[in-house]
Amino acid sequence: MQYLINHLYRYPVSKWKTIQRFGGIISYRKMLAGKQEMIKASTLLPPIISNQKGYKIYFLTGQNYLYQTLFCAFSLKKVSKIPFQFILIDDGSFDQKLINQANEQMPDVKIITKQEVEANLESKLPIKDFPYLHYKRKVYPHIKKLTDIHTIGDETYKLVLDSDMLFWNEPLEMINWLKDPEGCLYMLDTVESYGYDKKLMHDLCGFEIPKLLNVGVFGSNSKNINWSNLENWSQELEYKQGGSYFLEQALSAMLIANEQKTILNKKQYIVNPEDSKSDDEIAKLKHYVDLSKKYYFEKAWKNI
């Protein structure tokens, strides 16, 4: 009965609300057409060289997001002469065809496959000790940006980027942090999006929760992550206040609450940018979330 209710009522209602938020069915279809055009165009981008000795940048990506990853990495290479090594973490959807595409379009890219991720997790976060984190990985892929990336390799500091972003000018502040990382690095959101009450988050981690953290750009020290805390926090947050799309962002804010912070200028590193090019001269990075997806799919990538 619950299955029928979801598929005959809840999902269609949710879908219709989404369509209305993007201006109605004609406007929504135009956005989807722009997305398909972007997917096709991503296969025609010039080679995006990944320098094996460059500064490491991590993406969690796969079948549904590689085209965005390619555009993000391409836009970064376009505005900066700094060498970067791009490391793609398989979100579980890579197949041999996608691996071949990534290797062809990003020469010398490093791909961490699903098999490598799972073997690594079994070694560092065994399911018997971290059952809730393993459960969340199955139902909430965003948490893989923490569990799958921050247990990979021996690097102390890692910079993780979301794929749905484009660089417009050289991100010197981000690059400077990469050259000499300390504490953490992040963007500022337009509205606080943690999905949980900050008092509960404070009570669990013991420190004041930073304001407006957005994990589109998130640099942090992997060695500082207490995985037992993360296991307990995620379970307690959901037990007391339910599930949230923003759980990963809330956990990230809790993890770095007591660390030295490098906060990127919100006028240069813009979350949910407006449908405009007026700020392109000062903008260094734009993170196309929520309603800005329409501008992203229809126009922004074409300007790159």
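Which residue stands opposite Val 271 in strand 10? The residue is His 287. The model is predicted: local features need pLDDT of at least 70, side-chain atom pairs count only at pLDDT 80 or more, and totals for chains, interfaces and linings use all residues. Residues are numbered from 1 along each chain as its sequence is written, and side-chain values use heavy atoms, with hydrogens and water left out.

Strand 9 (269–271) is an edge strand. Strands here are DSSP runs of E with at least two residues, and helices are runs of H or I with at least four; both are numbered from the N terminus. Strand 9 pairs with strand 10 (residues 285–287) in the parallel sense, over three bridges. Pairing requires that DSSP finds at least two bridges between two strands. The sheet is open and has three strands, in the order 5-10-9, with mixed pairing. Strand 5 (165–167) is the other edge strand; each edge strand pairs on one side only. From one strand to the next, the twist averages 10°. Axes for such angles are lines fitted to C-alpha atoms, for helices over the stretch in contact, and angles run from 0 to 180 degrees between N-to-C directions.

The protein chain is divided into domain 1 (1–36) and domain 2 (45–303). These bounds come from an automatic or database domain assignment. The domain centres, taken over C-alpha atoms, are separated by 27 Å. Seven residues from domain 1 and eight residues from domain 2 make the contact, defined as heavy atoms within 4.5 Å. About 760 Å² is buried between the domains, and carbon and sulfur atoms give 61% of this area. Buried area is the accessible area (1.4 Å probe) that two parts lose on being put together, summed over both.

The largest nonpolar core has 52 residues. Such a core is a set of buried Ala, Val, Leu, Ile, Met, Phe, Trp, Tyr and Cys residues joined through side-chain atoms within 4.5 Å. Ile 57, Phe 86, Met 174 and Val 217 have the most contacts inside this core. Helix 3 (residues 66–79) gives the most to it, with eight residues. Leaving aside neighbours within four places in sequence, the contacts of Phe 86 include Ile 57, Phe 59, Leu 76 and Met 106. A second, separate core has 41 residues, including Phe 130 and Leu 146.

Glu 248 is found in helix 11 (residues 247–255). Glu 248 is buried, at a relative accessible area of 6%. Buried means under 20%, exposed over 50%, and partly exposed in between (1.4 Å probe, protein chains only). Beyond neighbours within four places in sequence, Glu 248 is in contact with Tyr 140, His 142, Ile 143, Lys 145, Leu 146 and Val 215.
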